Amino acid sequence: MIELKGLSKSYGAKKVLEGVDLTIPSGSLFGLIGINGAGKSTLLRLVADVLRPDAGEILVDGESVHGNEKRKREMFFLPDDPYFTTGTTVEKLVAMYKTFYPFDADVFKRYAELFRLQMRTPIRNFSKGMKRQAFVALALACRPRYLLLDEAFDGLDPLARLELKRGLIELNEQAECTTLISSHSLRELEDVCSGFALLDGGTVADAGTPEEAISRFHKFQVALPREAKREDFPFECISFEATGRVAKFVAVGDREAILKAIEPLAPLFVEEIRIDFEELFLCEVRSRGYLK
């Protein structure tokens, strides 16, 4: 279990995180979401002990992570732009990581063949997607107890994204790995994450399971016997658009109460549309005034 208690971090006068309290349960696949600059990367670097917090503490299984070599050896942190030297090859990285982690050569071989990794070619010559695939293969083969991924799906093609999701689920089931993952690919997070936290304004604005969060919003398409107008619908809407007699909107509140409020309008039809995790994020962002 990872516990963040009163975590704060600033860069000069700019506050990035302020008083963050968050618990990531053991064995979970946990997603971090938020707009650019919300502090997702900073939070991951703090958990990995790459950065020091200005205030607060980070506990891993009840122990402070700062300077804790035992806990840090159980972690694998893959940043958005991993560092490597000019002559670094995948082969050299494998040799290095084998000295730090319980490296599973069979797992690595499987992904190396799947991604067609060039073992002896300098990584600097790889495309962005190939670099990401190489480090993803290494991360999954290291079998860490805690896996920290920053923008995990960035640069990956659809096949590689699918294999990463399968690999994360397999790692979770076989090694009971706890994964903390940030990404703007919210459809991918929805496929694998059992929990999430939304960072906004330097703190956790929302947290829970995707299913719980999605249940607070309801998307409908309604056709009226006359031209549809916003004032016809007496409830809070995050978004609303009308074309002639047809209105499409995302409402907040109790589903049954919303349907009851629509009844007096004598609708020709009412269709409920499922909201996915990506649209949930847009709803949350709109509710905070970022999008109009």
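Which element gives the most to the lining of the largest pocket? The legends below describe a predicted model, and the second view gives the answer.

**View 1. The whole protein chain.** The predicted chain has 292 residues, of which 51% count as buried. Its secondary structure consists of 10 helices and 14 strands. Along the principal axes, the C-alpha atoms fill a box of roughly 70 × 45 × 35 Å. Among contacts with a separation of 6 or more, 68% join residues 24 or more positions apart.

**View 2. The largest pocket.** The volume of this pocket is about 560 Å³. Its lining is made up of 17 residues, and those closest to the centre are Met-75, Phe-76, Phe-77, Tyr-97 and Tyr-101. Three elements, α2 (69-73), β6 (75-78) and α3 (90-98), each give two or more residues to the lining. The element that gives the most is β6, with 4 residues.

View 3. Helix α1 spans residues 40-47 and is mostly covered, with 6 of its 8 residues buried. Those buried residues are Lys-40, Thr-42, Leu-43, Leu-44, Leu-46 and Val-47.

**View 4. Surface and charged side chains.** The accessible surface of the protein chain is about 14100 Å², and carbon and sulfur atoms hold 49% of this area. The chain carries 40 positive and 45 negative side chains. The centres of these two sets are 5 Å apart.

Conventions
Residues are numbered from 1 along each chain as its sequence is written. This is a predicted model: local features need pLDDT of at least 70, side-chain atom pairs count only at pLDDT 80 or more; totals for chains, interfaces and linings use all residues. Side-chain values use heavy atoms; hydrogens and water are left out. Buried means under 20% relative accessible area, exposed over 50%, partly exposed in between (1.4 Å probe, protein chains only). Contact means heavy atoms within 4.5 Å. Accessible areas come from the Shrake-Rupley method with a 1.4 Å probe; for residues, only the protein chains shown count as cover. Lys and Arg count as positive and Asp and Glu as negative; His and the chain ends are not counted. The place of a charge is taken as NZ of Lys, CZ of Arg, CG of Asp or CD of Glu. On a 1 Å grid over the protein atoms alone, a cavity is a set of points where a 1.4 Å probe fits but cannot get out, and a pocket is an open set with protein on both sides within 12 Å along at least five of seven lines; lining residues have an atom within 4 Å of a point. Grid points are joined across faces, edges and corners, and a volume is the space filled by probe spheres set on the points.
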